[in-house]
Amino acid sequence: MTFCVHDLDFSHVPGVLGRIVQERVQDYRDADAALGEARPAARRFEAALRGPGLSLIAEVKRASPSQGAIAPLDPATAAQEYARGGARAISCLTEPRHFGGSREALLEVVQAVSLPVIRKDFVVHPAMLREAADWGASAALLMVSVLGNATGEYFRMAEHLGLDALVEVHDEAELELALEVHPRIIGVNNRDLKTLSIDLGQSPRLIRLARERGFTGVLVAESGYATPRDLAGVHDLADAVLVGSSLAGSGNLAQAARDLMAR
Ligand SMILES: O=P(O)(O)OC[C@@H](O)[C@@H](O)c1c[nH]c2ccccc12
């Protein structure tokens, strides 16, 4: 099987997101795009999000463009704390400049917990997916705001590697594009990555729309959740919620995870 999307032009991506994407394009400019043999799909990440109730994906996030330094987390310890606090999956940033992530962080998290782990990065090259699989991640993030019409090709590459893909959207147009790909998991990001502003109404709205369009896969509400009240709009609607900053900066990750998910 051949995939040939590795020389995409990402210069259209605006704002903060666009800058980060350009950096990642440079980082992987000379990387090998070959994926190798097909690998079997374990679907562990997807299975972990299927309930019962609202599943928590807790994120190992040391910094972000909107907040700067969040906390100097030890990735392995943080992941174990999240697991103790009831998280069903771990998200680990690997973007180094703005989110304090690394390959090492992902490897340590995969070693430290038995939960499935998603590689959280700005995927702009097939090698980033091959790495995710090689490093032991169960899933990778695919952003429609970055990949546009190439989202389908990247989704098929993730499948080839046995990875679950979290296909992320932020508005109606991106959701329509995502639905054409027929992914198994769609995430709605409440944060507009061009301006970094949060609107907690975005996830409930687009999740309802996805269901109306007949999407039967897993739906994830992402970003900006800090209190149980913030989750009122997505309980009984989303399958899972992705939370980083509020947990990572709490000082007691297990307790913060339990408190947040309490109804
Ligand atoms: O820290 P928060 O607001 O809880 O958000 C977590 C997660 O949703 C966020 O880190 C995120 C969602 N999509 C992304 C894409 C790239 C980088 C980061 C993200």
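This is a predicted model: local features need pLDDT of at least 70, side-chain atom pairs count only at pLDDT 80 or more; totals for chains, interfaces and linings use all residues.
Figure 1. Start with Glu 59: one of its polar side-chain atoms sits 2.6 Å from an oxygen atom of the ligand. Ser 223 also puts a polar side-chain atom by a ligand oxygen, here at 2.7 Å. Then look for Asn 189, where an N or O atom of the side chain is 3.2 Å from a nitrogen atom of the ligand. How much of the ligand does the protein bury? On its own the ligand would expose 440 Å², and the protein buries 98% of that.

**Figure 2. A closer look at Ser 245.** Ser 245 belongs to helix H11, which covers residues 245-248. Is Ser 245 buried or exposed? Its relative accessible area is 15%, so it counts as buried, the cut-off being under 20%. Leaving aside residues up to four places away in sequence, Ser 245 touches Lys 61, Gln 67 and Ile 70.

Figure 3. The structure has 1 aromatic pair, and here it is. The ring centres of Phe 99 and Phe 122 are 5.7 Å apart and the planes meet at 40°, so the pair is tilted. Phe 99 comes from helix H4 (residues 96-99), while Phe 122 comes from the loop between strand S5 (117-120) and helix H6 (126-134), so the pair ties together parts that lie 23 residues apart in sequence. Both partners are tucked away: Phe 99 is buried at 10% relative accessibility, and Phe 122 is buried at 6%.

**Figure 4. Inside the largest nonpolar core.** This core has 97 residues, and Ile 90 and Leu 129 are the ones with the most contacts inside it. Nonpolar side chains tend to be buried together in soluble globular proteins.

**Figure 5. Phe 10 and its partners from elsewhere in the sequence.** Phe 10 sits in the segment before helix H1 (15-27). With a relative accessible area of 4%, Phe 10 is buried. Which residues does Phe 10 touch, not counting those up to four places away in sequence? They are Val 21, Gln 22, Val 25, Val 124, Val 146 and Leu 147. Leu 147 is 137 residues from Phe 10 in sequence, yet their C-alpha atoms are 7.9 Å apart in space.

Figure 6. First up is the peptide bond from Gly 51 to Pro 52, which is cis, with omega near 10°. Pro 52 is in the loop between helix H2 (44-49) and strand S1 (55-60). Next comes His 182, a non-glycine residue with a positive phi, near 55°. You'll find His 182 in the loop between helix H9 (172-181) and strand S8 (185-189), and at 64% relative accessibility it is exposed. Leu 196 also has a positive phi, near 70°, and lies in the loop between S8 and helix H10 (202-212).

How values were computed. Residues are numbered from 1 along each chain as its sequence is written. Side-chain values use heavy atoms; hydrogens and water are left out. Helices (H or I, at least four residues) and strands (E, at least two) are DSSP runs, numbered from the N terminus. Buried means under 20% relative accessible area, exposed over 50%, partly exposed in between (1.4 Å probe, protein chains only). Contact means heavy atoms within 4.5 Å. Rings of Phe, Tyr and Trp (its six-membered ring) pair if their centres lie within 6.5 Å; planes under 30 degrees apart count as stacked, over 60 as edge-to-face and the rest as tilted. A polar contact is a pair of N or O atoms within 3.5 Å; within protein, one must be able to donate a hydrogen and the other to accept it, and residues adjacent in sequence count only if both atoms are side-chain atoms. Accessible areas come from the Shrake-Rupley method with a 1.4 Å probe; for residues, only the protein chains shown count as cover. A nonpolar core is a set of buried Ala, Val, Leu, Ile, Met, Phe, Trp, Tyr and Cys residues joined through side-chain atoms within 4.5 Å.
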